[in-house]
Amino acid sequence: MQNTTSHGPPRWRIIALVLVALASVAAAIVAVPLAVDVVAGAAKPVLEDVPGPDTGPECPVDARYVDEEPDGLRADVRSAWGELRAAAEDDGVPVCVNDGKRSNAQQQAEFDEAVEKFGTPELAADYVLPPEESNHVKGFAVDVQPYAAAEWVEANGQAYGWCRRYDNEYWHFEYDPAYTEDGCPGLLPDATS
Ligand SMILES: [Zn+2]
């Protein structure tokens, strides 16, 4: 028996065309993630964009300060910080982190506030660094309070890789594993020098 209503292409050809079309769509779907995978630098966390806590609980030994978690610091810095703090506490010196990690955005907000307060970016820069210059943004600086704690870190931190860096900031310490061997570099007058 013959199918007299069939005037178009044979059924097998239609099926073949549909299969080819489906295969192309499937190939395109598969190709997209593969293409993304080979884009250099995609989806890597940028340390400078990692925020730290904005604040923390009150420093138990001095209510003028807070004690932030050292979250967001570079991993090796965070672990070196833990060793330093444990050593201070073994010595009977409580240490509070008044400020540690900041993101680009957090530092920019502080800088903008200082520009508002002091009038110009030049004047503001005497008090707050712009994000590209801050080692808090790079994740290896910690501000220590109260004064007795900073004094302890200044006297004992070098063995753990922590050094005070600025003459005008007794609270600001930076970590570099090289300090354990080479000693602390000389103090700079301030963060802008
Ligand atoms: Zn600092």
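The model is predicted.

**Exercise 1. How many aromatic pairs are counted, and how is the pair of Y147 and Y170 arranged?**

Solution. The count comes to 5 aromatic pairs. For Y147 and Y170, the ring centres are 4.9 Å apart. The angle between their planes is 70°. Planes over 60 degrees apart count as edge-to-face, so the pair of Y147 and Y170 is edge-to-face.

**Exercise 2. Determine which parts of the chain the pair of Y147 and Y170 ties together.**

Solution. Begin with Y147, which lies in helix α5 (residues 147-156). Its partner, Y170, lies in the loop between β3 (162-164) and β4. The two parts are 23 residues apart in sequence, and the pair therefore ties them together.

**Exercise 3. Classify the pair of Y170 and W171, and state whether Y147, Y170 and W171 are buried, partly exposed or exposed.**

Solution. First, the rings of Y170 and W171 have centres 5.1 Å apart. Their planes stand at 85°, so this pair is edge-to-face. Next, partly exposed residues fall between the limits of under 20% for buried and over 50% for exposed. Y147 has a relative accessible area of 47% and is partly exposed. Y170, at 22%, is partly exposed. W171, at 27%, is partly exposed as well.

**Exercise 4. Describe the largest pocket by its volume, its lining and the elements that supply it.**

Solution. The volume of the largest pocket is about 410 Å³. Its lining consists of 23 residues. Nearest the centre of this pocket lie R102, Y127, V128, L129 and E169. Two elements, α3 (104-118) and β4 (172-175), each supply at least two lining residues. By residue class, the lining has 7 nonpolar, 7 polar and 9 charged residues.

Technical notes. Residues numbered from 1 in each chain as written. Predicted model: local features only at pLDDT ≥ 70, side-chain atom pairs only at ≥ 80, totals over all residues. Heavy atoms only, no water. 1 Å grid on protein atoms, 1.4 Å probe; cavity = no way out; pocket = protein on both sides within 12 Å on 5 of 7 lines; lining within 4 Å. Points joined across faces, edges and corners; volume = space filled by probe spheres on them. Helix = DSSP H or I, 4+ residues; strand = E, 2+ residues; numbered from the N terminus. Nonpolar A, V, L, I, M, F, W, Y, C, P; charged D, E, K, R; others polar. Phe/Tyr/Trp six-rings, centres within 6.5 Å; stacked < 30°, edge-to-face > 60°. Buried < 20%, exposed > 50% of the residue type's maximum accessible area, 1.4 Å probe, protein only.
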